[in-house]
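Hello,

Here is the structure I promised to pass on to you. Have a look at it first, and then read on for what turned up in it.

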Amino acid sequence: MTSRTFPTWVWAAAIATALLSLYSISRRQVVESQNRSVSLAVEMENVQALAASQGIPIPQALDTLKQNGLDAVVLSEETISQLVSEGRAAESLGQLSVIDPAAVERVNKGLKLRMPAGDPTKAPVWLVRSVSVGLDPDEAAQVRSKNLEIVARCSNVTGATATYVRGTLSWAGELGAKVFLPMGDQVIGRRDELKTTVETLKALGMMYATPEFTKISGDDTIVKSAPENVVRLHTAQNAELDKMSVDDVVERYSKAARERNMRMLLIRPMSLAGGQPVQDFAGLVGSIRAEIEHEGLAMGPPQPFKDAGLPKWLPVLIALFAVPVAFWIGTVLLPWKWGGVLCGLLMLVLAAGSVTKTGSQLAALAASMAFPTAALISLDMRKLRHPIIEFVITTLLSLVGGLAIAGMLNGLPYYVRAETFPGVKVSVFIPLVITGLYYFSRLTRAREQIQSPITWSAAALGLITVGALAFMIARTGNDAAAGVSGTELQLRSILDRILLVRPRTKEFLIGHPALIIGIGLLGYIKRNPERIRSLGTWATLALTLGAIGQTSVVNTMCHLHTPVVLSLARIAEGIIIGSIIGLVLWLIVKRFAIQNPDNA
């Protein structure tokens, strides 16, 4: 087993990349630290229902909720059909008559907006009944009287014109709405008048609330075209709340604000029954507020994030310092003379293209794969003195790939998820494959094993490894497809309560311990080359599984909507806990499988 040396200039390139990336990240941290206000909102219909059940006036219910931390109330537009059902309007032989004098102006205005060039008396009855008459001005006055913010919910309609979009949003603005939240499955103005929607919201000084985990047509377009006017909103549906405890609900909302930069939380009642439903709901609001404040956030009106204002040349410079790393990887992995030059040139081209959005994303993807690959391969070329020390050094080198992503893809669109890092699964999968193949060729008699008949144990081991990697890939990403077991959810909940932030399970339970064992085995083989036949396969397996933790460290930094301080804390906690577990396992392996191989 022959060894090469790990060049000093690769370390220098990694340090330069890390320093430039940290400068960029520090600017992002300033932006995040300046936007810490979180707003708690409820829906007026829930307030009305709870107040009616308890027999108290709505203003009193709003007072109770405000005393417990309420900041805003969501008002939904009404329709003529609702006026009819409430007895404020009537229909006779297809003719509409308005009984409530206060509603006459609303009905006329709604009909004019909905059918500006038509005759409402000749329109189908169902169409007239569906016409919006805006927010209820009495409800808006009640909310304003309590110094609470108004969040307007308006829906899209068939045949909505630019006049309708402007008129509807302006109408809500006149009643005091400061935030607009879509109602239904489409944003008002979808499709051809979304530009009008954006322009009107900006002109009114009204923010757009984009709901998390909800697919609304047109939402993505609004967020991408006007990220400077966006606040992110989190809520939970009644069916979800019904299955959760109070602690779970409080944790869900507080984590949304703390870990995903949600700046508006729409809270719904947990229970539909109770002796004092208003006080019960207010207690839930108060518990969420207390936990958010405990986490170090502030309460108040939400504000959009600002851009970090980084120079356009910074992503290019970060990518340029990754060129030597790519060149070195090419010289090691590619057997022909110009392999290193090819990899270096490819990274150089990507660096030059980093002045564009797509170019910076591709260069960040290349860097995210280059650094953990270099870190894992460099183990074969370093003097492995102590598994823990070498593990920490390796992880820090891998982390540079994550820092490069956060440093290059740093801007307002990423804070609000208008843009995301597109290569999450690729950046996880490629280093795993390269590491496995490299050490398989270095530590095993690869040709003999490929040509020899497969054994049941080898087949089972291979299937388990492939299955574990496939599941890990499925669980990776901003919107992972695979579910989480109940046991893991309980473990996550415990870790959330006792730690600053929960580290990733696949890091501290699988990847990091496996890498420490792999480093230990590799170092032992370097000192005792005669043991390569008996330990080489196990070292290869451990190092390959250890790559899971390294790519996960990089992946943590790919979640660009998560506060960067929390991401770094999550990585640090994973390293500490994984080191402890890995050291214990390594001592067991060393004692029973290496020093006393007959007992293995």
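This is a predicted model: local features need pLDDT of at least 70, side-chain atom pairs count only at pLDDT 80 or more; totals for chains, interfaces and linings use all residues.

A ring pair is described by how far apart the centres are and by the angle of the planes. The structure holds six aromatic pairs. One of them joins phenylalanine 6 and tryptophan 11 edge-to-face, with 5.0 Å from centre to centre and 85° between the planes. Phenylalanine 6 has a relative accessible area of 10%, so it is buried. Tryptophan 11, at 28%, is partly exposed.

Phenylalanine 6 also pairs edge-to-face with tryptophan 328, at 4.8 Å centre to centre and 75° between the planes. This pair links distant parts of the chain: phenylalanine 6 sits in the segment before helix 1 (8-33), while tryptophan 328 belongs to helix 15 (residues 323-333), 322 residues apart. Both phenylalanine 6 and tryptophan 328 are buried. Taken together, ring pairs link Phe6, Trp11 and Trp328 into a cluster.

Now for the surface. Which residues make up the nonpolar patch of about 870 Å²? They are Trp9, Leu320, Phe327, Trp336, Trp338, Val341, Leu342, Leu345 and Leu348. Helix 16 gives the largest share of this patch, with four residues. Tryptophan 336, another member of the patch, lies in the loop between helix 15 and helix 16. Its relative accessible area is 44%, so tryptophan 336 counts as partly exposed.

Is threonine 197 buried or exposed? Its relative accessible area is 0%, so threonine 197 is buried. Apart from neighbours within four places in sequence, threonine 197 is in contact with Val165, Leu169, Val187, Ile188, Gly189 and Ile222.

Enjoy exploring!

Best wishes

Definitions and conventions:
Residues are numbered from 1 along each chain as its sequence is written. Side-chain values use heavy atoms; hydrogens and water are left out. Rings of Phe, Tyr and Trp (its six-membered ring) pair if their centres lie within 6.5 Å; planes under 30 degrees apart count as stacked, over 60 as edge-to-face and the rest as tilted. Buried means under 20% relative accessible area, exposed over 50%, partly exposed in between (1.4 Å probe, protein chains only). Helices (H or I, at least four residues) and strands (E, at least two) are DSSP runs, numbered from the N terminus. Contact means heavy atoms within 4.5 Å. Patches are made of residues with over 30% relative accessible area and no salt bridge: like charges are joined within 9 Å, nonpolar side chains (Val, Leu, Ile, Met, Phe, Trp, Tyr) within 5 Å. Accessible areas come from the Shrake-Rupley method with a 1.4 Å probe; for residues, only the protein chains shown count as cover. A salt bridge is a side-chain nitrogen of Lys or Arg within 4 Å of a carboxyl oxygen of Asp or Glu.
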